[in-house]
Amino acid sequence: MAGKKLIVVFGATGAQGGGVARALLDDGTFKVRAVTRSPRKKKAEELRRRGAEVVKADQDDEASLERALAGAYGAFIVTNFWEHCSKEKEIEQGQRLADLSKRQGLHHVVFSGLENVHQLTGGRLEVLHFDGKGVVEEYFQKIGVPTTIIRLPFYFENFLSIFKPQKAPQRDTFVLETELKTPLYLLRAGLHCSWDQSLHTELPMGDTPMDGMAVEDLGPIVLCLLKSPGEYIGQVIGLSTGKLTEAEYAAILSQQTGKTVTASKISPEEYEKQDFPGAKETAAMFRFYALKPDRNVALTMKLNPKARTFQQWVGDNKNAF
C-alpha cells in the first residue's frame, strides 16, 4: 500500500458511498478510508475485509471529520438530507466538509450534489433536498477546493423499494405508484419527516421524461474521475444512462418481468392537490424534471462503459419484481 494516494469515502455503508468504496478497492490504484457512523455494521466489516481502513466519523462532529480526512489526497463526499430532512443542516454539514477539505489541502474532491432549484427558477419552485446540495456545490467552488461535482438522477433501485409496482385492485395489472413511508432514504422527493403513515399514490410524472441510472453503477464513474483530475476538476457532470417517460418505464417492466405494468399518468398539478405532507414539493421536483436538467448520457457511458440502461438493469433484477 506504500506510495498509494489515500481517498476518503464518506457514506461508505450507504448506496452511493458503498459503491464508490467497492469500486476503488476492486481497482487497487488508491488506498481507501471508509467513513461511517457505524463501523461495526455488516457493510463496514465487509469493506474492512476487502482492504479498506474503516473509521468512525459524524458529519456534525468537526473533530471526527478532521481525523477522517488527515493525510488524504482526495475524497468522495455525499450528504444525506433524509437523515434529518433539513436543508439548513445539510448546508452546514456540506460547508463544514468543504472547509476541512480546503484546510487539509485535498487535491481532488468528488462531491455528490444537485441543482439549487429555488435559485434556478427565481424562487418559483422549491425542492429542499436539491436546494441545499446546490448551495454546497457553489461553496466548494467559491472557496477554491479542487472539486468535480456529480449530480445523480433517479435511482433505478427505487423500483425495487419505494416505487415497486403495486397490484391494482381486482385486476391482474400492476401500477407504477409509490408507497410513502418515512424515513424515505431512497425516495428522492422532499417529504416532511414527521410523516410516518403508509400511503399509496401515483407518480406525478405525466408525460415528462425522467433521467435514471443504477446507483450501483456509480463507483466506476467516481474512480474514473479520480484517475483523471486534469480532465475533470472544475466540471459539473449530470449523470444518466437514459431518459424515459413513465409509460416507457412501465413498458420495459412489463416486457422484462412478464407482468402487466401500467403508468398512472397523473400530472404534477393534479398531484399537488392531494392532501398529504410533501405533495407540493414532490410535484415541484417533477416540474423541475420537465425543465430538462442537464444530464449527460454520453459522458456517463464514457466514464463507466458498463453502466446499464433501464432495460439492462431490469433484466439483471427481474427476479426481484
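Does T121 count as buried or exposed?

1. T121 counts as buried, at 14% relative accessibility. Here buried means under 20% relative accessible area, exposed over 50%, and partly exposed in between, with a 1.4 Å probe and protein chains only. The residue sits in the loop between α5 (117-120) and α6. Its C-alpha lies 8.7 Å from that of F288, although T121 and F288 are 167 residues apart in sequence.

2. On the basis of these notes: this is a predicted model, in which local features need pLDDT of at least 70 and side-chain atom pairs count only at pLDDT 80 or more, while totals for chains, interfaces and linings use all residues. Residues are numbered from 1 along each chain as its sequence is written, and side-chain values use heavy atoms, with hydrogens and water left out.

3. The protein chain contains 13 helices and 15 strands. Both are DSSP runs numbered from the N terminus: helices are H or I with at least four residues, strands are E with at least two. The radius of gyration is 20 Å, close to the 20 Å that the globule rule gives for 321 residues, so the chain is as compact as a globular protein of that length. That radius is taken over C-alpha atoms, and the rule is 2.2 Å times the number of residues to the power 0.38. Along the principal axes, the C-alpha trace spans about 65 × 40 × 35 Å.

4. Of the 321 residues, 56% are buried. The chain exposes about 13900 Å², and carbon and sulfur atoms supply 48% of that area; accessible areas come from the Shrake-Rupley method with a 1.4 Å probe, and for residues only the protein chains shown count as cover. Taking contacts between residues at least 6 apart in sequence, 73% join residues at least 24 apart. Contact means heavy atoms within 4.5 Å.

5. On charge, there are 42 positive and 40 negative side chains, and the centres of the two sets lie 6 Å apart. Lys and Arg count as positive and Asp and Glu as negative; His and the chain ends are not counted. Each charge is placed at NZ of Lys, CZ of Arg, CG of Asp or CD of Glu.

6. In soluble globular proteins, nonpolar side chains tend to be buried together. The largest nonpolar core here has 34 residues, and V9, L24, F76, I150 and L218 have the most contacts inside it. Such a core is a set of buried Ala, Val, Leu, Ile, Met, Phe, Trp, Tyr and Cys residues joined through side-chain atoms within 4.5 Å. At least two of its residues come from each of β1 (6-9), α1 (15-27), β2 (31-36), α2 (42-50), α7 (218-227) and α12 (297-303). The largest share, six residues, is that of α7. Another core, of 31 residues, lies apart from it and has L114, F174, V261 and F321 among its members.

7. Leaving aside residues up to four places away in sequence, the contacts of F76 include I7, V9, V20, I150, L218 and V222. L226, in helix α7, is buried at 1% relative accessibility.

8. S101, in helix α4 (residues 87-103), is buried with a relative accessible area of 1%. Beyond residues up to four places away, S101 touches L69, I77, L106, V109, F140 and V145. T208 is in the loop between β11 (199-202) and β12 (210-213) and is buried at 17%. On that basis of counting, T208 touches L244, T245, F286, Y289 and A290.

9. Most residues other than glycine have a negative phi, and most peptide bonds are trans. C85 has a positive phi of about 55 degrees although it is not a glycine. C85 belongs to the loop between β4 (74-77) and α4 and is buried at 17% relative accessibility. K292 also has a positive phi, of about 60 degrees. K292 is in the loop between α11 (279-290) and α12, and at 60% relative accessibility it counts as exposed.

10. G144, in the loop between α6 (128-142) and β6 (147-151), is partly exposed, with a relative accessible area of 43%. Its C-alpha is separated by 22 Å from that of L223, 79 residues away along the chain.
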